[in-house]
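Please keep the sequence and the structure in view while reading.

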Amino acid sequence: MTKKKKYHYKELDLIIERSKLKDKLFQPSSFWSKAYTKIKIEIEQNGIHNFRNLKTCLGFFVPNYGIPANSFNKEISNEIFSLLKQKGSLKQNLAMESFLNGYYHALSDFRVFISSQSNNGNLNTKDFSESDFGSPVEQFEFEGKKYSRSALNYLLGICFLKNHLHKNEKINTVLEIGGGFGTLGEILSFTENVKYINIDIPPISFISWNYLKNIYKKNINSITKENNDKINIVDLNRCSVFNSWDIEKLNGKIDLFINFISFQEMEPHIVQNYFKNIIRLNPKWIFLRNIREGKRKKKSKNEHGVEIPIKSKDYIEMIKHKYELINKDVLQFGYKTSDGFHSELLLFKKKNRIGNKQKS
């Protein structure tokens, strides 16, 4: 029997060890406390080139449309197809297959994306086609271009954002916290002169760095460089991936801050600390997508969930002194789950003030 190859990544070991010495505000939240160790093990056993088909990765930061994200499992799926094989028609089998593998949901999101294109701003989405780095277990092709659920989540969000930009408004510098495996950075690579910065906890920062390194080639920073001094945004490459504790060292100004589906996995005091640093960087826009009602609360020590759910009203309250809520959405660009949770987009704009009065 051939012994399975084990992969060793020195950069991953290094940043994991560093993370243990950092403030708890920058270490994995309760939601991530066990998952990050499992992800590291899976990567070492299967290789970074397979991260998009690994169990824990799929459960935490590689979203998909089909099983298990659609609330079905393989056993129930097999029973359904067994019954259809006996009693159903070919058309019924094909329809059920398209439902269970996520094709119908993906097509629905793609149709909204295509029909919601706007020429406002400078962010290019029409030329995007997703890389297959990471060996995705699920990826759909529409009109000759490839899309995953992660890609369509962000593309829908950008359509929502562009509806609120002026025609010639430019977004030149984008900061994201919790950027998953790097989808937004990949999308922004299709727009010239846009600088993208992703901040995340290890090992997700390591995975994102590897994914985006495949796209930006040499135009990306080193994940292992310990930044003891300030990190001047103006001096950064087109793409940068930093570890969570580096947020305090960022210096300069950004145009857009974005967080999609990861603040909901943190406790409120962690998010509050990130907001403190985000506001310091003076973005014009703050753009969030998270569950309105908050993630499920952990009921026991070993159960999966958050200690204190953070809700839409909490985000609004945390930044209301500097930012006003411009618009929110679930139905068109967000998502309502089958059990009644709302994945809601919130778009905030910096308040302009003259003296103590808000500029109209």
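The model is a predicted one. It holds 11 salt bridges, and strand 6 and strand 8 are both mostly covered.

- Strand 6 pairs in the parallel sense with strand 4 (residues 195-200), over 5 bridges.
- Within this pairing, Tyr-196 has Cys-239 of strand 6 as its bridge partner.

- Strand 3 (residues 173-177) runs parallel to strand 8 and is joined to it by 3 bridges; Val-174 stands opposite Leu-256.
- Strand 9 also pairs with strand 8 in the parallel sense, over 5 bridges, and here Phe-257 stands opposite Ile-286.

**Salt bridges**

- Glu-130 and Arg-52 form a salt bridge, with their closest N and O atoms 3.0 Å apart. Glu-130 lies in the loop between helix 6 (103-115) and strand 1 (140-142), and Arg-52 in the loop between helix 2 (35-46) and helix 3 (55-60), so the pair ties together parts that are 78 residues apart in sequence.
- Asp-127 and Lys-126 meet through their side chains in a salt bridge of 3.6 Å, N to O. Asp-127 is partly exposed, with a relative accessible area of 39%, whereas Lys-126 is exposed at 55%.
- Glu-317 forms a salt bridge with Lys-320, and the closest N and O atoms are 3.0 Å apart. Glu-317 is partly exposed at 48% relative accessibility, and Lys-320 is partly exposed at 42%.
- A network of salt bridges links Asp-13, Lys-40 and Glu-44.

**Cis peptide bonds**

- Ile-67 and Pro-68 are joined by a cis peptide bond, with omega about 5°.
- Pro-68 is located in the loop between helix 3 and helix 4 (74-87). The residue counts as exposed because its relative accessibility is 56%, and the cut-off for exposed is over 50%.
- The C-alpha atom of Pro-68 is separated by 25 Å from that of Ile-201, a residue 133 positions away along the chain.
- Another cis peptide bond joins Pro-202 and Pro-203, again with omega about 5°. Pro-203 is placed in the loop between strand 4 and helix 9 (204-216).

**Positive phi values outside glycine**

- Asn-193 is not a glycine, yet its phi is positive, near 65°. This residue is found in the loop between helix 8 (183-188) and strand 4, and Asn-193 is exposed, with a relative accessible area of 62%.
- Ile-261 likewise has a positive phi, about 65°, although it is not a glycine. Its place is in the loop between strand 8 and helix 10 (268-280), and at 29% relative accessibility Ile-261 counts as partly exposed.

**Surface patches**

- Which residues gather in a patch of positive charge on the surface? They are Lys-34, Lys-38, Lys-55 and Lys-301.
- Lys-301 belongs to the loop between strand 9 (285-291) and helix 11 (312-319), and Lys-301 counts as exposed at 75% relative accessibility.
- Phe-99, Tyr-103 and Tyr-104 make a nonpolar surface patch of about 290 Å².
- Tyr-103 lies in helix 6 and is partly exposed, with a relative accessible area of 30%.

Key. Residues are numbered from 1 along each chain as its sequence is written. This is a predicted model: local features need pLDDT of at least 70, side-chain atom pairs count only at pLDDT 80 or more; totals for chains, interfaces and linings use all residues. Side-chain values use heavy atoms; hydrogens and water are left out. Patches are made of residues with over 30% relative accessible area and no salt bridge: like charges are joined within 9 Å, nonpolar side chains (Val, Leu, Ile, Met, Phe, Trp, Tyr) within 5 Å. Accessible areas come from the Shrake-Rupley method with a 1.4 Å probe; for residues, only the protein chains shown count as cover. A salt bridge is a side-chain nitrogen of Lys or Arg within 4 Å of a carboxyl oxygen of Asp or Glu. Lys and Arg count as positive and Asp and Glu as negative; His and the chain ends are not counted. The place of a charge is taken as NZ of Lys, CZ of Arg, CG of Asp or CD of Glu. Helices (H or I, at least four residues) and strands (E, at least two) are DSSP runs, numbered from the N terminus. Buried means under 20% relative accessible area, exposed over 50%, partly exposed in between (1.4 Å probe, protein chains only). Two strands pair if DSSP finds at least two bridges between them.
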